[in-house]
Amino acid sequence: ENSATMLRKAVGCAPRGERALWVLNVQVGTQSISPLMWAIQTGSLEASKAIIMDLLTIRADRDNYYFGADYLFERHPDILKRLCMDAP
């Protein structure tokens, strides 16, 4: 379902240090699937937007700061090209 609210609720229970990994990499059997790319390719723009906004939000706890941009570009170095090609 293309729902930002449901996505935020699902990712909300992820530990801060693992949050980016939850939206960028899901292991299904022997395959690694990216929920972000799946959302973009299927036209789930609300979910895609919510994932990108979540990744680019700075979070902190007493010991660390968390920012998902590095994870995003490490997992999808071609994300800007893909957004231009696949997203309306």
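1. Second largest pocket. In this predicted model, the second largest pocket has a volume of about 150 Å³. Its lining comprises 13 residues, and Arg 16, Ala 20, Tyr 66, Phe 67 and Gly 68 are the closest to its centre. By class, the lining of the second largest pocket splits into 6 nonpolar, 3 polar and 4 charged residues.

2. Largest pocket. The largest pocket has a volume of about 270 Å³. It is lined by 15 residues. Nearest its centre lie Leu 7, Pro 35, Trp 38, Ala 47 and Ile 51. The lining of the largest pocket holds 12 nonpolar, 2 polar and 1 charged residues.

3. Who builds the largest pocket. Four helices each supply at least two residues of its lining: H1 (4-11), H2, H3 (35-41) and H4. H1 gives the most, with 4 residues.

4. Salt bridges. The count comes to 2 salt bridges. Asp 54 pairs with Arg 19, and their closest N and O atoms are 2.9 Å apart. This pair links distant parts of the chain: Asp 54 sits in helix H4 (residues 45-55) and Arg 19 in helix H2 (residues 19-24), 35 residues apart. Arg 59 also forms a salt bridge with Asp 54, with the closest N and O atoms at 2.8 Å. Through shared partners, Arg 19, Asp 54 and Arg 59 join into one network.

5. Are Asp 54 and Arg 19 buried or exposed? The cut-off for buried is under 20% relative accessible area. Asp 54 has a relative accessible area of 10%, so it is buried. Arg 19 comes to 14% relative accessibility, so it also counts as buried.

6. Nonpolar surface patch. Which residues form the nonpolar patch on the surface? They are Val 26, Val 28, Ile 33 and Trp 38, with about 340 Å² of accessible area together. Val 26 lies in strand E1 (residues 26-28). Its relative accessible area is 33%, so Val 26 is partly exposed. Trp 38 belongs to this patch and is also one of the residues nearest the centre of the largest pocket.

Definitions and conventions:
Residues are numbered from 1 along each chain as its sequence is written. This is a predicted model: local features need pLDDT of at least 70, side-chain atom pairs count only at pLDDT 80 or more; totals for chains, interfaces and linings use all residues. Side-chain values use heavy atoms; hydrogens and water are left out. A salt bridge is a side-chain nitrogen of Lys or Arg within 4 Å of a carboxyl oxygen of Asp or Glu. Buried means under 20% relative accessible area, exposed over 50%, partly exposed in between (1.4 Å probe, protein chains only). Patches are made of residues with over 30% relative accessible area and no salt bridge: like charges are joined within 9 Å, nonpolar side chains (Val, Leu, Ile, Met, Phe, Trp, Tyr) within 5 Å. Accessible areas come from the Shrake-Rupley method with a 1.4 Å probe; for residues, only the protein chains shown count as cover. On a 1 Å grid over the protein atoms alone, a cavity is a set of points where a 1.4 Å probe fits but cannot get out, and a pocket is an open set with protein on both sides within 12 Å along at least five of seven lines; lining residues have an atom within 4 Å of a point. Grid points are joined across faces, edges and corners, and a volume is the space filled by probe spheres set on the points. Ala, Val, Leu, Ile, Met, Phe, Trp, Tyr, Cys and Pro count as nonpolar, Asp, Glu, Lys and Arg as charged, and the others, Gly among them, as polar.
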